[in-house]
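Hi everyone, thanks for coming. I'd like to walk you through one structure today, so please have a look at it while I talk.

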Amino acid sequence: MEEINNIEVVPCTESDYLKPFRVHYNQNGTKKSWDFMRTHDSVSVLIFNTSSHCFVLVKQFRPAVYMCEWERNKTQPPQSAEKTEEGAAEAAAPAPEPQEGQSASEGDSSSQWPPASAGVTYELCAGLVDKPNLSLEEIARQEVLEECGYDVPASKLKRITSYRSGVGVTGAKQTMFYAEVSDDNCVSAGGGEPREGELIEVVKVPLHEAMTFAYDERIPKTMGVIFSFIWFHNNMSPKYKISTNV
């Protein structure tokens, strides 16, 4: 998963997943404009395995996260005041623009790439709402099967809530579900759909470590993970009389 190389950044002139627009409007008599992206809505699923008392998450490399880390790191000032003038000048110089053939996994300091792990995040099982003939529950069911390997009837998915994400850029809606599974529901190793470019690692977080995991800033994760763990603690833990280590 973390063998990332041949990085090349090019203009995005056409995409099946996002389309940039600029909207002009008047608000309280003031003329304004705003740039935004039109994207698909999505679903996400908090999966709890009742056999092993653990949450089932997915781990994957996110290019957008990686490139944000690259941008952040290349603008940081030198870390040490004891560097020589030559070293300080080198550290302060802007990082080169991404070029084809450079590797993030080879540790080549001359390219100033962060390690590939900088782009790896822990997330809820999730997917785009891009199948108009399927309900949200059916789309969520497919994602659970493809990404995590559990076969769960759509009728067993509990809707938690829906919310807007990326309101400053996309405003897309995500609907979150909760699914209880057992080892008996596991029919494959999961891992995503290779034909769609997915490379996913299934990760299990023990229930008693959940809140520590959620608030550990050293672990890169989405807000959905944090929110869903809190939701489980408030709504499901009392029912099962189990502790989430809060």
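This is a predicted model: local features need pLDDT of at least 70, side-chain atom pairs count only at pLDDT 80 or more; totals for chains, interfaces and linings use all residues.

Residues are numbered from 1 along each chain as its sequence is written, and side-chain values use heavy atoms, with hydrogens and water left out.

First, helix α5. Helices here are DSSP runs of H or I with at least four residues, strands are runs of E with at least two, and both are numbered from the N terminus. Helix α5 covers residues 223–235, so 13 residues, and spans 18 Å from first to last C-alpha, close to the expected 18 Å. That expectation is 1.5 Å times one less than the number of residues. Its buried residues are Gly 224, Val 225, Ile 226, Ser 228, Phe 229, Trp 231 and Phe 232.

Now to the strands. Strands β4 (residues 54–61) and β5 pair in the antiparallel sense over 4 bridges; pairing requires at least two bridges found by DSSP. Val 58 sits opposite Glu 123 of β5.

Side chains of opposite charge can pair when their charged atoms come close. The whole structure has 6 salt bridges. In one of them, Arg 62 meets Glu 123, with the closest N and O atoms 2.8 Å apart. Arg 62 lies in the loop between β4 and α1 (63–74) and Glu 123 in β5, so this pair ties together parts that are 61 residues apart in sequence. Arg 62 is partly exposed at 33%, while Glu 123 is buried at 7%.

Within helix α1, Glu 69 and Arg 72 are 3 residues apart, about one helical turn, and their side chains form a salt bridge at 2.6 Å, N to O. Glu 69 is partly exposed at 23%, and Arg 72 is partly exposed at 42%.

Finally, Asp 216 and Arg 218 form a salt bridge at 3.0 Å, N to O. Here Asp 216 is buried at 17%, whereas Arg 218 is exposed at 74%.

Key: A salt bridge is a side-chain nitrogen of Lys or Arg within 4 Å of a carboxyl oxygen of Asp or Glu. Buried means under 20% relative accessible area, exposed over 50%, partly exposed in between (1.4 Å probe, protein chains only).
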